[in-house]
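Hi,

Here is the structure I promised to pass on. My notes follow below it.

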Amino acid sequence: TTMMRRRHKHTMTLLVVQMLLLMGIWFFSTLAVYGSAYNVVAVIMTLVGGILMLVNTRRLHWLSTISMEKKVRLLWLTFCAVFASAVLSVMYVKSGDSFLAISASAFVRSGAVVPSAVNFFGFVFFIRFLFAVIASLPNSGIVDRRSNEVESLAHITRLMSQAVGVDQLLESTTSLAVRICRAHGGWSEVIEGDSFRIVAAQLVHPDYVRVLHANPSLHAIINNGSGPVHVESLRNVAKNVGDVGIRSMIVVPIINERRRTGTLVVFSTIDYGFEADDLRLLTAFGDMVSIGIDQARLMEATLNRERLQKEADVARDIQSSLLPKHSPDIFPFSVYSVMIPATEVGGDYYDYVRFLDGSYGVIIADVAGKGIPAALYMATLKGAVLAEMRVSSGPADLLRRVNETLMGSMERRSYISLTCVQFSISRGSIRLARAGHTPAITRVGGTMDVILPAGVAIGIVGPAVFNSAIEEKEIVVTAGDMFLLTTDGVNERRNLQSEEIGMDAIAEMVRLSTCADATALVQSTIGLIEAHAGGAEPHDDITIVGIVVTGLLEDQRITTTSESFS
């Protein structure tokens, strides 16, 4: 910027000097009536002005940077200006009685000297300009080519910034390559497994390209090169190619992640149809296409991540909408449940149910799979539970009915593990059935146990096998007894070293627990597994159902609320 400012400043200085010379010429030519010496001074100043005009017009390097079309137009205008300046100068000098000369003489006593000087300056300038334009004509082809190269690279860069697809990028690149290299045709292809796909073909039919590939020699030239290949004369390189119409060609491989993913080819029907600059340009095109492919893949990966994130958000919304908003009030049973979703949405589920005899219960389930499919199976499970619970006599009966309902509507590789608990207030007990779910941890009468009733996950086997395999256990309880139901995301909670916490640590926590209600028991469990994780992200949903017996059933009149658990 500083250099440009200095150059313009120097040019302005010369222009100011020339204006002063014009004023001096006018002044001394006016005084010429008093002596011929003044006229001599005016002539000398005119010559000095012409020399300065030559000096000022030496900064015409910009002429070499304009296109041939603009140079031809400028050449014509310059020629006309030179001709006009020459005619006017001769007219002013030789025709003192002309209308222009008489008019000028009426304005200044010097006659036509000042207009002649102006025309002389213009004549010098345009003569210099004319020769400069003529001198720059031979390099016009190079300038036009460089301009086209820059515009083409800028166009490809714009396409890359717009994150267009790979096919569109290759189509534009092929078209630009054929036009700039003045090729007689070209195409681009991408490698797909053991075959190839023609993405773009310019001035050549895709079937013709396949014919070329059928020739072993041409196929080897097009596909086997590790770098750009410039075939100046095909007849001198490949002998048995036949009359394919191609005489010279440039082949540029498209490399992505150190692997050839495609090829850009341009050809000519004459020998030596391309220059070294063509190879350089097409190599740059190939490099930019490789970068564009990387960007397209990154964009595709980004879109996939966004799609997966939206899917996870939908699944999480479904999951949260299916869970009950409040825990029931079933004195003397304190019940509290929580589900902590992981980054990748799973199929954990819990709910509160009411059986045929009016007693209450809780279920905890884990649907195999992740994302939307697991969330939809959760919704299906909830519908089946709501439909079957009011006609079920107990946990095992409910699991049998749910399995029979869902067996025909689930995919072969999908299943649901589930544990169901019934609070039997009249019997002072808890009844429990399990369908392939995580074991229940209990502390009854101060004795720790891991309850693992027999059972198969829902959706794996038909009703006959499932019904015979299911087992129901009844446990008589008293004040202070605890039950902890979890999904596998709890006992498989990992730390930064990928070590799982396991069931033993959780059972020991329950054994030592002094929690007065289920909420405290669940919070203690969460604190234990998070302390073990040490900040590691959960890989699966965490669902915990805590049950604590807070009173003596046989000494109290038990009442329950009819609160809705949805």
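A residue counts as buried here under 20% relative accessible area, as exposed over 50% and as partly exposed in between, with a 1.4 Å probe and protein chains only. By that cut-off, 45% of the chain's 566 residues are buried. Bear in mind that this is a predicted model, where local features need pLDDT of at least 70, side-chain atom pairs count only at pLDDT 80 or more, and totals for chains, interfaces and linings use all residues. Residues are numbered from 1 along each chain as its sequence is written, and side-chain values use heavy atoms, with hydrogens and water left out.

The chain has 17 helices and 16 strands (DSSP runs numbered from the N terminus: H or I of at least four residues for helices, E of at least two for strands).

Now for a helix pair. The axes of α8 (residues 206-214) and α9 (residues 216-223) come within 5 Å and cross at roughly 100°; the axes are lines fitted to C-alpha atoms over the stretch in contact, with angles from 0 to 180 degrees between N-to-C directions. The two helices are therefore roughly perpendicular (65 to 115 degrees). L212, H213 and A214 of α8 meet P216, L218, H219, I222 and N223 of α9, where contact means heavy atoms within 4.5 Å.

One more spot: D351 sits in strand β8 (residues 348-354) and is buried, at 1% relative accessible area. Its side chain makes a polar contact of 2.7 Å with that of Y349 (a pair of N or O atoms within 3.5 Å, one able to donate a hydrogen and the other to accept it; residues adjacent in sequence count only if both atoms are side-chain atoms).

Cheers

Notes
Parallel < 35°, antiparallel > 145°, perpendicular 65-115°, else oblique.
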